[in-house]
Amino acid sequence: MSVKTPRPAAPRLWTNAALMGAATGLAVSVPLTALAHVNTIPTAPVERLWPAQADGGEAGEAGAVEGVDPDVAYLVRLRIVEGHLVAAAHLYRDGLTMEGVALSGHPEAEMMDEVRESLEEHGAADFTDAMDAFTMVMADGAPQTAVDAALANAVAGIDTAAAKAGHGPRVEFDALIALTRAAANEYAGALENGQIVEITGFFEADGFLEVAKRQAAALAASADPVVAAAGAKAVAALADTEMAFPMIDSGTPRPSDPAILVAAASAIEFVSYPVK
């Protein structure tokens, strides 16, 4: 087995205190006053809803690919990275700049070594530089339009890498299911005694689901009628998860329960059964 030399970090990134927290793998917590725009509603006990993966964050993301097909794991890791970046952009949009910058560093702290190894195995280009550029745009306090453009550039790199996988619709659906379950796990990990106390996990779950919705829409547009039908049902199942995110989109308070996300993952698994 060859010994890999760790990828050196760009020195400029460590000038930002928030990035230092992300690089050491620390969770970003903020007072509940920072969640004033989020209506927190008591929920059912988390451990009853998601016993298979009790912890969010790094452990939960590793659990998302545990025991799955290598092609599925490859896609799930890529989409989890994308979900982190989407979530970071959402935090930035909501005025939580330091939290957004720190969250954008989570993939590097938690999983990019494995991702880069899988990129090399699949002959895919490394998109790390695009991720770093996205982080620096936020750290510099750029306008949201510039942040969105940097995000789009990073996502384009992720999409290009995903296209390198030798996979079909079955693998894509399995990755979609795993990503939705990872979102449920992050959501559950953001709660304590039925209240949202960890803003990053809450936004990570929303980011993962935004990515999942994009993937489901692509499957719904398939020329294969079986795949398209299952994809359309997956789109509908994921639309139901919006009720778990009060105030993020519609501004209407709704019950906040990770069981909603678990149910969506189960629904996608069921409707995609005919897909080979």
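Visitor: Which residue does Lys213 form a salt bridge with?
Guide: Glu242. This is a predicted model. In it, the closest N and O atoms of the pair are 3.4 Å apart.

Visitor: Is Lys213 buried or partly exposed?
Guide: Partly exposed, at 26% relative accessibility. Glu242 counts as partly exposed too, at 36%.

Visitor: How many salt bridges does the structure hold?
Guide: It holds 10. One of them joins the side chains of Asp159 and Arg79, at 2.7 Å from N to O. Asp159 lies in helix α9 (residues 144-162), and Arg79 in helix α4 (residues 70-93). That pair spans 80 residues.

Visitor: What about burial there? Why does Arg79 count as buried?
Guide: Arg79 has a relative accessible area of 9%. Buried means under 20%, so Arg79 qualifies.

Visitor: Which residue pairs with Glu82?
Guide: Arg214 does, in a salt bridge with the closest N and O atoms 2.9 Å apart. Arg214 is in helix α11 (residues 199-220), while Glu82 is in helix α4. They are 132 residues apart, again linking distant parts of the chain.

Visitor: And Glu82, buried or exposed?
Guide: Buried, with a relative accessible area of 2%. Arg214 is partly exposed, at 36%.

Visitor: Switching topic. How many residues are in the largest nonpolar core?
Guide: It has 72. Those with the most contacts inside it are Leu78, Phe127, Phe134, Phe173, Leu176 and Leu261.

Visitor: Which helix gives the most to this core?
Guide: α4, with 14 residues.

Visitor: Take Phe127. What does it touch?
Guide: Leaving out residues up to four places away in sequence, Phe127 touches Leu78, Val81, Met112, Val115, Leu119, Gly157, Ile158 and Ala161. Among them, Leu78 is also on the list of residues with the most contacts inside the core.

Conventions: Residues numbered from 1 in each chain as written. Predicted model: local features only at pLDDT ≥ 70, side-chain atom pairs only at ≥ 80, totals over all residues. Heavy atoms only, no water. Salt bridge = Lys/Arg side-chain N within 4 Å of Asp/Glu carboxyl O. Helix = DSSP H or I, 4+ residues; strand = E, 2+ residues; numbered from the N terminus. Buried < 20%, exposed > 50% of the residue type's maximum accessible area, 1.4 Å probe, protein only. Core = buried A, V, L, I, M, F, W, Y, C linked by side-chain atoms within 4.5 Å. Contact = heavy atoms within 4.5 Å.
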